[in-house]
Amino acid sequence: MKKLFMLGIAAMAMAALSARAGDAKALYEQNCTKCHGAEGKGDTKMGQKLGAKDYSDAKVQDALKDDAAIKAISEGVKDKDGKTLMKGTDGISVVDAKALVAYMRTFKK
């Protein structure tokens, strides 16, 4: 009985993680693709104009720290002169921002 219970808990956790990954993809498509592109390359018109990084590049991914990415998603990014390069995602939870970062990590080649 104890094994069945643990198996049930594990199955529910896997389902929740899978749902979260689907949610992150949907959030990314809704909020990020305009600049970062569907594959995270930053090769869209807007991405090129704003200098979006190529998140499929392993070196770019390695340099990006999760905390900084979560902060950028939540609060946005400004250049050294204070010009907004990326708006923060309104109403996003920390859990969703973390899920977005995890989804972004899948772009690494």
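Helix α5 buries A69, I70, A72 and I73 (buried means under 20% relative accessible area, exposed over 50%, partly exposed in between, with a 1.4 Å probe and protein chains only). Seen down the axis of α5, these buried residues fall within an arc of 160 degrees, so they line one face of the helix; the arc is that of the directions from the helix axis to the C-beta atoms.

This is a predicted model, in which local features need pLDDT of at least 70 and side-chain atom pairs count only at pLDDT 80 or more, while totals for chains, interfaces and linings use all residues. Residues are numbered from 1 along each chain as its sequence is written, and side-chain values use heavy atoms, with hydrogens and water left out.

**Overall layout**

- The chain has 6 helices and 2 strands. Helices (H or I, at least four residues) and strands (E, at least two) are DSSP runs, numbered from the N terminus.
- Along the sequence, the pattern reads α-α-α-α-α-β-β-α.
- Of the chain's 109 residues, 27% count as buried.
- Among contacts with a separation of 6 or more, 43% come from residues 24 or more positions apart. Contact means heavy atoms within 4.5 Å.

**Helix α5 and its surroundings**

- The buried residues of α5 pack against β1 (76–78), β2 (84–87) and α6.
- The face turned away from the buried side of α5 carries the exposed residues D67, K71 and E75.
- D67 is found in α5, which spans residues 66–75. D67 is exposed because its relative accessible area is 65%.
- D67 and A97 are 30 residues apart in sequence, and their C-alpha atoms are 9.9 Å apart in space.
- Just after α5, G76 takes a positive phi of about 95 degrees.

**Nonpolar core**

- The largest nonpolar core has 17 residues, of which Y28, I73, L100, M104 and F107 touch the most other members. Such a core is a set of buried Ala, Val, Leu, Ile, Met, Phe, Trp, Tyr and Cys residues joined through side-chain atoms within 4.5 Å.
- Helices α1, α5 and α6 each supply at least two residues of this core. The largest share, 6 residues, comes from α6.
- L100 touches A24, L27, Y28, C32, I73 and I92, leaving aside residues up to four places away in sequence.

**Aromatic pairs**

- The structure holds 3 aromatic pairs. Rings of Phe, Tyr and Trp (its six-membered ring) pair if their centres lie within 6.5 Å; planes under 30 degrees apart count as stacked, over 60 as edge-to-face and the rest as tilted.
- Y28 and Y103 form a tilted pair, with 5.5 Å centre to centre and 55 degrees between the planes.
- This pair links distant parts of the chain: Y28 sits in α1 (residues 2–31) and Y103 in α6 (residues 94–105), 75 residues apart.
- Y28 and Y103 are both buried. Together with F107, Y28 and Y103 form one aromatic cluster.

**Largest pocket**

- The largest pocket holds about 870 Å³ of space. A pocket is an open set of points on a 1 Å grid over the protein atoms alone where a 1.4 Å probe fits, with protein on both sides within 12 Å along at least five of seven lines; lining residues have an atom within 4 Å of a point. Points are joined across faces, edges and corners, and the volume is the space filled by probe spheres set on the points.
- The lining has 29 residues, of which H36, V77, L85, M86 and K87 lie nearest the pocket centre.
- The elements giving two or more residues to this lining are α1, α2 (33–36), α3 (45–50), α4 (58–63), α5, β2 and α6.

**M86 in β2**

- M86 lies in strand β2. M86 counts as partly exposed because its relative accessibility is 26%.
- M86 touches H36, A72, I73, G76 and V77, not counting residues up to four places away in sequence.
- M86 and A72 are 14 residues apart in sequence and 7.9 Å apart in space, C-alpha to C-alpha.

**K41 in a loop**

- K41 lies in the loop between α2 and α3. With a relative accessible area of 32%, K41 is partly exposed.
- Beyond residues up to four places away in sequence, K41 touches H36, K53, D54, Y55 and S56.
- K41 and K108 are 67 residues apart in sequence, with their C-alpha atoms 9.8 Å apart in space.
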